[in-house]
Amino acid sequence: MQLEAGRTAAVTRAFYILLIAVFVLAPLFVVVAVSLNRVAFTAFPPRGLSLRWYQAVLTDPQWRASLTVSLWIAAVASLLAACAGTLGAIGLHRGRFPGRDALVAGFLSPIVLPGLITGLALLFFFARLRWTGTNFALVLGHVVITFPYVLRVVLGSLVRETATLEEAAMTLGADELTTFRRITLPLARPGILAGTIFAFIISFDNITISLFLTAPRTVTLPIRILEHVQWAGTPAVAAISSLFVFLTVALALVVERTVGLHRVVGEETVGFG
Amino acid sequence: MSNVIPRGWPTGRPDRLLRLAARALRRLANAVLFRSRASTLIQLSPGLLILVALFALPLLFLAWVSLWRHSPNSFGPTPLTLENYRRFLFDGFFLRSILRTLQLGIVTTLVTLALGYPLALIMARSTARVRGFLLVLVLTPLMVSVVVRVFGWMVILGDTGLINKALLALGLIDQPLRIMNTMAAVVIGLAQVEFAFMVLPIFSALLGVGRSLEEAAATLGASPWRVFRHVVLPLSLPGVAAGSALVFSLSVSAFVQPQLLGGSSFFVMTTLMYQQITATLNWPFGAAIGFIILGTALLTLILLGVAMRKISPRRAGHAT
Amino acid sequence: MVRRRLQAVSVLLVTIGLVVLSTWHPAASAPRRTLVVAAFGGTWEEAMNRAVVKSFQRKHNADVVVTLPGNSATILAKLRAERNNPTMDLALIGGGLETVAAREGLFQKLNFNNIPNIKNIYDAAKSPVAGYGPSVAFSGVKLAYNTRRVSPAPTSWEVLWDPKYKGKVGFPNPDNNGGLMLIFLFAKLNGGSVENADPAFRKIATLKVNNPIFWTSSPAAQDMFVQEALWVSAMFDGRVAALIQDGSPVAMVCPTEGCFVTHTYANVVTGSKNKDLAEAFINEYLSVEAQAIFAQAAGYGPVNKLTRLPRKIAELVIYGEDDIKKLISLPWDQINQFRDAWVDRWNREILSR
């Protein structure tokens with residue numbers, strides 16, 4: 001379906017995007033508003049305007065430490081998840097064997113099972129191995145719940161065209177490894193990227209697994225946020241959440257200015273174009 | 001045997017040995033990774049290893065726990081019994097919660113699909129800059145912790161919340177609309193964050209659909225709508241399947257949104273399970289509920305996958 | 001080119017290996033001993049640091065690591081899983097779960113000779129199971145109300161049934177300890193007991209006509225008071241104190257039928273190698289100075305009889321022999337037997353529409 005050049009089409013599109021934006025951002029406006037409170041509790045509409053909570057959060061070493069830990073764990077976990085998930089997706093894409101459908105669904109189990117049960121199972125498992133409280137176990141726990149995202153998304157992006165192109169390449173004399181490197185992987189790239197982004201975010205946001213597996217000294221960011229919500233109730237949490245939103249937007253702008261977003265999100269079309 | 005010579009391959013004599021070694025390694029890799037009978041298994045092995053060693057194995061302990069008989073103030077093995085499963089599966093109250101859970105999953109999937117597919121289309125056909133903007137837009141809710149997000153929704157959807165205040169002020173209603181503590185509020189809260197999980201897979205799949213295919217179909221005289229319906233839509237179905245599977249799974253296992261937005265009377269399997277693990281401390285029963293969640297959701301996902309395959313047009317040898 | 005490629009691959013492999021290995025080994029152990037305390041975050045952690053941790057670290061030349069496991073239920077899960085190899089030395093736990101843990105053998109009995117301050121605590125603060133850790137703070141569950149919306153000031157739990165406040169009354173679920181307390185109270189008030197809670201369920205079922213908001217999460221209920229979605233409800237006094245100190249028009253009262261006291265007990269974990277340090281920590285926590293600082297910073301009642309508090313704080317927390325006498329303490333051993341049954345009945349009879 002060509003993007004009609006007509007004005008009505010453009011207006012409809014813009015209106016639609018606006019609608020989605022309102023839906024997706026609505027609670028975040030509340031969060032940003034709450035973060036500007038001068039008072040020490042989460043009033044909405046905000047009572048007085050102040051940046052004190054941003055200051056409090058940015059200067060507090062505990063929040064900074066939690067942020068660092070969460071970023072580090074998420075980076076390692078999502079990397080490992082990307083590898084395992086991509087390979088698995090390629091195997092499932094080509095494979096024809098009985099029970100394939102069941103296996104595709106089965107790989108989603110870590111997402112389907114509520115985090116409390118997975119966390120409890122991992123807790124007892126790692127406790128038996130005496131690995132509780134190590135970052136190693138924490139990373140492994142995060143890999144378990146994030147690699148299904150990569151696998152499923154990559155599988156979904158390996159459309160039928162991939163097979164045609166692969167066939168064409170092999171007819172032209174490329175062996176499997178070259179085909180894999182030059183045809184399959186680039187075609188799967190948007191899927192791999194999307195899946196890894198999901199894996200990173202899921203790991204970064206994770207509460208239940210982390211609650212059970214973190215070391216005494218390690219307090220990940222979502223745990224600190226949860227504790228704060230339960231036991232402090234100041235707008236500091238709103239401030240940190242708003243900071244993330246601004247950071248993401250800023251990051252996107254920086255990427256656009258320097259490398260160019262097209263390197264990340266792909267050119268306008270893929271394939272023969 | 002003609003191998004396409006990769007760009008930059010060394011041709012000097014000192015590298016001949018290296019070339020031979022590399023070629024042998026390449027043949028080995030091809031044979032093992034791609035051509036052998038076990039190649040699929042090898043590709044799947046990291047994923048399977050994680051699934052079995054780090055997921056199924058730890059769950060075995062909880063499966064055993066689910067067969068214990070619970071007694072307060074103690075936690076230890078008892079003679080095995082299926083009582084916990086029987087208690088859940090043979091009771092109208094709990095069976096209704098299964099239905100409600102599946103209903104929540106399906107409704108959320110349909111809502112995100114209806115809203116997300118057009119956006120994925122727009123993204124696929126836009127410039128990189130617009131695409132990047134939409135990507136950030138869709139991912140932003142995930143940047144914010146779930147408890148914070150849900151408190152935001154409570155402020156908006158509550159009886160004294162923003163929506164009601166606005167509607168009352170405009171005179172459109174004279175009694176506050178009950179949005180909080182209904183399934184609608186939970187779907188809204190879930191859809192907002194699961195939106196990205198539907199849009200991105202569809203977007204990725206659409207990127208794989210060559211524009212030339214559409215142009216060819218259009219040249220052959222098909223209207224834009226027919227091109228979409230018979231070319232683009234079917235070829236994007238793997239993405240739709242992936243997005244739907246993710247959204248459904250996330251909805252079924254969600255806890256915070258059903259508890260805080262659905263209210264105490266909104267019983268889904270996950271909230272009932274949490275109750276058993278944290279409030280009644282009846283871990284055997286809680287573990288049993290967990291496995292029932294896993295079973296019913298996986299069953300639904302398998303059925304969904306089979307249905308998807310039946311809908312999508314068949315091509316010899318490479319159906320999804 | 002091949003060499004470069006091989007180099008690249010080997011560098012990648014080595015990097016991955018290093019990354020994985022770096023996450024394996026925890027930080028090198030310090031020369032000083034370390035005491036790991038499982039406690040709660042936010043204001044509790046800050047207050048505890050100010051009141052106890054700083055002076056303890058100075059006096060005993062040991063480090064204190066405060067771990068934040070989330071809540072008592074997660075602490076219990078960790079205790080059960082790490083039974084033979086605990087990562088925690090001292091656990092702060094309450095709501096009846098300390099009784100469960102003690103009975104399962106997850107805690108050690110204490111040597112009270114090492115905790116001289118324990119002579120000065122109220123009897124009510126001693127462990128419900130003899131020989132185990134004492135309570136470090138009093139917390140109450142009382143009737144909280146919005147002073148602008150609710151008048152006259154309520155004196156009885158019956159105000160929840162007042163049709164004037166339809167849709168604005170709150171009631172905790174038994175998932176929350178507050179709910180268990182109220183079921184206990186209404187059972188007793190209406191001729192029942194822990195074993196026979198029928199009168200309680202019958203009475204609470206009649207509340208449904210007043211469109212109550214049943215809640216589980218205390219912070220959510222606190223937020224509802226701020227948003228004025230809730231005008232009157234049972235609440236933990238620490239939360240109400242926070243609301244009052246922030247300027248919300250909220251007050252609390254102990255109704256004539258009675259209100260409740262609940263505790264957070266400090267216990268030494270079985271298998272801990274730092275029992276002596278842990279007992280010293282408890283002793284520090286029970287001292288007059290620590291109790292005064294903690295009460296003011298966190299909004300909980302001091303358990304040490306000798307503690308003096310300024311009047312502003314004293315009004316908000318449980319303080320003094322008279323206050324304590326009025327409060328109902330729950331027989332957790334008994335109630336733990338009925339959690340399962342009560343929650344199940346609650347789901348079906350009270351919550352189901």
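1. Chain A and chain B bury about 10,100 Å² between them, with carbon and sulfur atoms making up 75% of that area. Buried area here is the accessible area (1.4 Å probe) that two parts lose on being put together, summed over both. Helix 9 of chain A (residues 176-205) gives the most to the side of chain A that touches chain B: 14 residues. Helices are DSSP runs of H or I with at least four residues, strands are runs of E with at least two, and both are numbered from the N terminus.

2. A word on the basis. This is a predicted model, in which local features need pLDDT of at least 70 and side-chain atom pairs count only at pLDDT 80 or more, while totals for chains, interfaces and linings use all residues. Residues are numbered from 1 along each chain as its sequence is written, chains are lettered from A and ligands numbered from 1 in the order in which they are written, and side-chain values use heavy atoms, leaving out hydrogens and water.

3. Back to chains A and B. Here 105 residues of chain A are in contact with 119 residues of chain B; contact means heavy atoms within 4.5 Å. The interface has 0 salt bridges (a side-chain nitrogen of Lys or Arg within 4 Å of a carboxyl oxygen of Asp or Glu). The side of chain A that touches chain B holds 69 nonpolar, 19 polar and 17 charged residues. Nonpolar covers Ala, Val, Leu, Ile, Met, Phe, Trp, Tyr, Cys and Pro; charged covers Asp, Glu, Lys and Arg; the others, Gly among them, are polar.

4. Chain A by itself has 13 helices and 0 strands. Its C-alpha atoms fill a box of roughly 70 × 65 × 35 Å, taken along the principal axes. Of its 273 residues, 61% count as buried, meaning under 20% relative accessible area (1.4 Å probe, protein chains only). Among contacts in chain A with a separation of 6 or more, 68% join residues 24 or more positions apart.

5. Chain C also touches chain A. The contact takes 36 residues from chain C and 33 residues from chain A. The two bury about 3,200 Å² between them, 60% of it on carbon and sulfur atoms. Salt bridges between chain C and chain A number 0. Helix 1 of chain C supplies the largest share of the side that touches chain A, 6 residues. By class, that side of chain C has 14 nonpolar, 14 polar and 8 charged residues.

Definitions and conventions
Buried means under 20% relative accessible area, exposed over 50%, partly exposed in between (1.4 Å probe, protein chains only).
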